[in-house]
Every structure is written in structure tokens, then in C-alpha cells.
Amino acid sequence: MPAETLLETRGVWREFGGVVALRDVDVALRAGEILALIGPNGAGKTTLLNVFSCVLAPTRGGVYVRGVRMNGRSPHAVARAGVTRTFQNLQLFGSLTVEENVRVALEARGRGAADRSGVERCLARLGIADRAADRADELPFGQRRLVELARALALEPTALLLDEPAAGLSLLERVALRHLLLRVRSDGVAVLLVEHDLDLALGVADRVVVLDQGVKIADLKPEEVRRDERVVAAYLGTE
Amino acid sequence: MIRGVLPRRDAVALAAVAALIAVAPFALSGYYLGVLVTAGLYGIAAVGLCLFVGYAKQISLGHAAFYGLGAYASGLLATRLGLSPWLTLPVAVALVVLAAAAVGYPVLRLEGNYLAMATLALGIMFSVVLREWIPVTAGPSGFSGIPELPFPRVFAKGEANTLWLVWAFVIALAALALAFVNSRWGRALRAIGDSELAAELVGLDTARWKVGIFALSAGYAAVAGALYAHYVTFLSPEPFGFMFSLELLVMAVVGGLASVWGGITGAVVIVALTELLRRALPPWLPGSSGELELVVFGVILIVVLLLRPSGLASLGAWVIERRGREPIAVEAPEAGARAG
């Protein structure tokens, strides 16, 4: 029995003036999988994440969460439906402490301020429990990225959209991120991963979708990516 | 709600303010008590503005309208219908809160300069209505005979009684605001101020939150306005124009936008300075008008923004922190880089 489709675009177009950023894109994220979304700069990866999270409305086509059409809905409606995300350009609550960043997410889910252990668990999971009392905007870049991830995970999403989560992380932090992604998947959370670090993306993904100039050019298994002529021509290049 | 979310330091500071206000009538003349009454009234409105501008990081150039609407609503209800000011005050505040929510719903879809322009337009429209809707507002000449708030008078000096009353409101509303900003709602508000996008994606309906805080902020202005109406017992459109909106904003910025104490500090500093300049300037600059104060405010604003952008109220916390801080070793730059 195929896994349930959590998140889906059907025939999505997104245009900015005369520029077509997404062209008739169908992408589905299924329960319990890590789907890597790769492609060259300007391929439309972040635009697709914005459409999935209702930050941007598609010009044409539909966005669906568990089969429910979300066009015209706000990002908070998508979040309440169990889909959350992180950003390539960090979107932290900078004036709040690390603990408060996570607490806001828990409280937005209706979990009371008394849920202290929930906050501690989230921070410990990302290895930043010792920074709980620090202001988020005073942390080093890599740790700020982890705070954003901790906040997203605190929502206990069914689908997590990650935009370049490894950018700015040290090698050790990348290894930790890889383990975290695998653990998140084993917890039943589906992950849509936009990532330029191909080793990381292909190392954790169950499936890979490749975008080029707003068009989905391939939907492959990770081991097929480096052999696929279309992907090599559009993204990887030849030596 | 207050218990548990009002930090001890704030509770102590509020108690200290209450003690100072309690003894002020025994130490100050009626003139200075009047200055403190005015500072208290403006302080209430400035605290509300701090919630909206400092915490939610929105902008309003029209808060004088809510102050004026609170004043006129309570004043008119008490004068025309003969109702007790203790009844007209909450009714006026409720009306203003509802009006702000109704106006805020479309207006707060705007951001930045556009929101500033829209709130400026609201303020101007309110001024025009006050001047032109003569059958109700009595137009530019205003109306008098507004009853004072009835309460037990302790002192022979009228200003002393009003001082206690107004500052009881200041302290109560500041305590409420402090409890609010330290609660889960305050956290959500600060989160929205930091990143609306991220706040949406943790599930906060930011549009509703912004309308809510706009209405709450307007409610603070309305309380101050209604108290003002029953204090001066005469209303005309003149005090509720754009310049007063700007003055409130200056108070909030000078005191510290992202701080409840900033609103109160800014109001006390600006009102005191205004009075000082009114007395000090004429001998130096014969024929100088009140508008010269604006030049001085402008200079103060620039100096505060350059030297203490978090506002004068943060100086207290800074001093306490410095006194309480133990010497710490300077971390090598490499250590910070490795941590990243």
C-alpha cells in the first residue's frame, strides 16, 4: 500500500511579472519520506517551498495538504495543518531567547507555558540546551540555524520543509544534521529538503526531484541522480 | 494574570513609583503636581503606543485620534446624557477599542511607510470630524461642563487628588502591560515583531494579533483621553492633532520603544522638558513660540537614537546589570569562530 500523500502541488505555475519561476510543477511529498529537491540556482526550489507553505500563492494550479486545497490560505493555516518550514535566510525571533523561540512554537500549538520539559527536549535534541537563556540573535550562525530547526520541530509537524539547512554549518554540525534528519524521518515526519550539499541530500533522501528553470526534469532514486543525463546536463555538469 | 508573570524587579519599581506619587503632594506645589498629572496621562497613552510600535514593531502616526476619541466619547456621554464618568469612561474605552479593531482590520494589511501614511490619514480625518461635526462635537470652539470623576478628595489642592487618581491608573495599566508582555501573549507579540513570516509558520494568525494589539493600544490612549476630559472639563479639537501623535511617538522613542517603562519615562521626560523650555526660552529668545520646543525634541530624539537607541528607561536596567555583573574573561575571537 503506497504511503499517504501529505503535501502536493498539482500543475503549479508561479510567475513574477514576465518571469516564469515554476512551470506546471507536480511534486508530492509522502508520509515518512525524505524528498530532496535539487537544482541549479534560480531553478525555482525556494519558490516551490514558498508555494507549499502558502507564503506565495501559485499563479495557476493547486497546493494540497492531505488532499485539502490550500490556495488562498495563510501560512498559519498551513502550519496548523501540520506543515512547517525553515528558511534559507534565517527567520528567527531575534529578540527572544533560544528557549522562548521554542516556547512560542509550543504555545502556538496550544501547549501551556507549563510544558517546560517540551522546550528542554527540543533544545537537547538539537544540542543547544546550554544556550537556552541566550538571545537568539546573539548566537553564532550555525547555532541560529539549529534554533530555527528546533522551533520547527517543536510544532511536531507531519511535514517539514527545510531550505538549505546545512548552509553555514560546520562539518561536525552537518554530520549532526544528517543524523537528525534520519531520526526525524524515523519519527514519522516527512521532510522536503532543499539542499546544495549533494552528499548530504543524496545521503539521506529516499527520492530526489530535480528542478531546472522552473520545470521538474526528473524524479529519481538518489543513486540514479549522478547518472541521469538530464541532471548532469542541467545541474551537475561534466568534468 | 499578574501573579507569576510580573517580574519582581518591575513589581518593586511600580511600588517605588507608587510611593513617590504618594508623597508628591506633600513635597510639590500645585504647578508641579499638574505637570505630573499631564505626564501620567501621556504616559498611559505612550505605554499603549509602546505595545504597538515597540513590541509588535508596527507604526502609528494617528494615536492622538484614539486619545481624542476617548476624551470626546466620555465627555459627551457624561455631559449630554448626564451619566456618571465612572460609567462613561469604560464605555468610551470600549467604543474606541471596537473602532480601532474595525479600522485596524483593513489598515493593518499595510506595512511600513504605507501603514504610517494610513494612520496619519486616520488622525487627520478625526481632526476634521471634530471640527466639522458641530452639532455633536461643538466644532472648533469646543464644549465645557464635563463633570470631574467623582472620588474621595483627600487634599484641599485639587491637583493632588487628581495626581493620585491618574497615577493609580498609570500604575495599574503599566502593571497590566508588564504582565502582558511577560506572558505567552507578550512572547507571541514580540515574535511577530521580530518576524511576521516565522510567526505565521509557527501557526500564529499575525493579522488578528496585529488588530488585537492595535485595539489594545488604542484602548490605553482612550483611557488617558477620557481621564484628560474629566480632568480639564473642557474639550476642543486643538490638542488632538497630528502634533500630539508625533509627540506621543517621541515620548515612546525617547523612553524606549520596546519597554513598558519607556512609555512612562518618555512621557515624564518630555512633559518636564516642555515645561522647562516654556519657562526658560522666553528670556533668551523673546517672542519664541511653543514650536521651538519641537526643535529641541528633534535634537533630543536624534541624540537618544544615536547614543541610547533602546531609550532612557533602559539606563536603569543597564546600571543595575553593571553593578551586579562580575568580571568576566574576554573570550578570544577564535573561540567564537569555532563555536559557529
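H10(B) is mostly covered, with 23 of its 27 residues buried; a residue is buried if 20 or more other C-beta atoms, placed from the backbone, lie within 10 Å of its own, exposed if 12 or fewer, and partly exposed in between. This is a predicted model, in which local features need pLDDT of at least 70 and side-chain atom pairs count only at pLDDT 80 or more, while totals for chains, interfaces and linings use all residues. Residues are numbered from 1 along each chain as its sequence is written, and chains are lettered from A and ligands numbered from 1 in the order in which they are written.

Helix H10 of chain B covers residues 206-232 and reaches 39 Å from its first C-alpha to its last, close to the 39 Å expected; the expected span is 1.5 Å times one less than the number of residues. Helices (H or I, at least four residues) and strands (E, at least two) are DSSP runs, numbered from the N terminus.

The axes of H3(B) (residues 63-81) and H4(B) (residues 85-107) come within 8 Å and cross at roughly 140°. Axes are lines fitted to C-alpha atoms, for helices over the stretch in contact, with angles from 0 to 180 degrees between N-to-C directions. H3(B) is therefore oblique to H4(B); under 35 degrees counts as roughly parallel, over 145 as roughly antiparallel, 65 to 115 as roughly perpendicular and the rest as oblique. Residues of H3(B) that meet H4(B) include Phe66(B), Leu69(B) and Leu77(B), and among their counterparts in H4(B) are Pro85(B), Leu89(B) and Val96(B). Contact requires C-beta atoms, placed from the backbone, within 7 Å. By class, this contact has 14 nonpolar, three polar and no charged residues. Ala, Val, Leu, Ile, Met, Phe, Trp, Tyr, Cys and Pro count as nonpolar, Asp, Glu, Lys and Arg as charged, and the others, Gly among them, as polar.

Between the chains, 18 residues of chain B are in contact with 28 residues of chain A. The largest share of the chain B side, six residues, comes from H8(B). The helices below each supply at least two residues of that side.

| Helix of chain B | Residues |
|---|---|
| H8(B) | 184-194 |
| H9(B) | 196-201 |
| H15(B) | 333-339 |

By class, the chain B side divides into eight nonpolar, four polar and six charged residues.

In chain A, Leu7(A) is found in strand S1 (residues 5-16). Leu7(A) counts as buried because it has 26 C-beta neighbours inside 10 Å. Not counting residues up to four places away in sequence, Leu7(A) touches Leu29(A), Phe52(A), Val65(A), Val83(A) and Ala159(A).

Key:
Two residues are in contact if their C-beta atoms, placed from the backbone, lie within 7 Å.
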